[in-house]
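Please read it alongside the sequence and the coordinates.

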Amino acid sequence: MSLLPIVVSSICTSIGALPVLFIKNISHKGKDVTLAFTAGIMVAASSYGLIPSAIKLSDITTLVIGILIGTFVLTLIESVLPHTDLDHSKHPVGQAQVLLFMIAMSIHNFPEGLSVGISNVSHNLEVGSLVAFAIGLQNIPEGFLVALFLVTQGINRMKAILFSAMTGLIELFAGMFGYLFGEFFQPVVPYGLAFAAGSMLFVVYKELIPESHGDGNERASTITFIFGFIMMICLTEFFR
């Protein structure tokens, strides 16, 4: 299997950041529904791609173990590494807070890259293309929000795009690691798929949903989440 899907899905983060060259601001509601949209895509990728594929390659026990390990590892990383989550406040934060935010996005992108890498080891399944497409699609609005946040903190627009691209680079490295690890240790592939599903679901419920529901836009965010979920499934069936 080509490594191209891993590279393309990572580059989508940089593509998503480009609109900050032209867009000065976006409403708080717009940010919330964008986060909810990406959450819907990630849940669809997990429930419609990673989880069924893990079961097909193994059994329910492997699936449960992999999901629990993914949840545990993300919980451990969040507990150990200092970081700060996306803040929609218009008040600029300090340089240290920006750095902590970049660490948070790296934590967020690790399971995404891992899921693309591991899924592309599954030569006999279409799951590789499905997951790469899903992650690449959600990386576009994600890259935009990261760059927009950095611009609102007083960072030069070109630098904001560059920093956003760097978070995509973390995803690229994670994808390469997942792919190479799965190639050498084929029996871990179903565990890896389940691990990626568990860690992605952790990110959705721990970060994306709370952030999109904390400022009075719950209904719009919920509808957008469902729209993102349905759209991802429809696109997958259309291009399959």
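A disulfide is counted where a pair of cysteine sulfur atoms lies within 2.5 Å. The model discussed here is predicted.

**Cysteines**

How many disulfides does a search of the whole structure find? The search finds zero. Cys 12 takes part in no disulfide, and the nearest cysteine sulfur, that of Cys 234, is 20 Å away. Seen from the other end, the sulfur of Cys 234 has its closest cysteine sulfur in Cys 12, and 20 Å is too far for a bond. In general, a disulfide is a covalent bond between the sulfur atoms of two cysteines.

Cys 234, at 46% relative accessibility, counts as partly exposed.

**Helix pairs**

| Helix pair | Angle | Distance between axes |
|---|---|---|
| H1 (residues 4–17) and H5 (residues 127–152) | about 25° | 6 Å |
| H3 (residues 60–80) and H7 (residues 189–212) | about 50° | 7 Å |

With an angle of about 25°, H1 and H5 are roughly parallel to each other, because angles under 35 degrees count as such. H1 passes H5 in a right-handed crossing. On the H1 side the contact is made by Pro 5, Ser 9, Ser 10, Cys 12, Thr 13, Gly 16 and Ala 17. H5 contributes Ala 132, Gly 136, Asn 139, Ile 140, Gly 143, Phe 144 and Ala 147. The contact residues of H1 and H5 comprise seven nonpolar, seven polar and no charged.

H3 and H7 are oblique to each other, and H3 passes H7 in a right-handed crossing. Residues of H3 in the contact include Thr 62, Leu 63, Ile 65, Gly 66, Ile 67, Ile 69 and Gly 70. Among those of H7 are Pro 190, Tyr 191, Ala 194, Phe 195, Gly 198, Lys 206 and Glu 207. The residues of the contact of H3 with H7 fall into twelve nonpolar, seven polar and three charged.

**Leu 148**

Leu 148 is located in helix H5. At 1% relative accessibility, Leu 148 counts as buried, because the cut-off for buried is under 20%. Leu 148 and Phe 110 are 38 residues apart in sequence, and their C-alpha atoms are 21 Å apart in space.

Technical notes
Residues numbered from 1 in each chain as written. Predicted model: local features only at pLDDT ≥ 70, side-chain atom pairs only at ≥ 80, totals over all residues. Heavy atoms only, no water. Axes fitted to C-alpha atoms, helices over the stretch in contact; angles between N-to-C directions. Helix = DSSP H or I, 4+ residues; strand = E, 2+ residues; numbered from the N terminus. Parallel < 35°, antiparallel > 145°, perpendicular 65-115°, else oblique. Left-handed = near helix turned anticlockwise from the far one by under 90°. Contact = heavy atoms within 4.5 Å. Nonpolar A, V, L, I, M, F, W, Y, C, P; charged D, E, K, R; others polar. Buried < 20%, exposed > 50% of the residue type's maximum accessible area, 1.4 Å probe, protein only.
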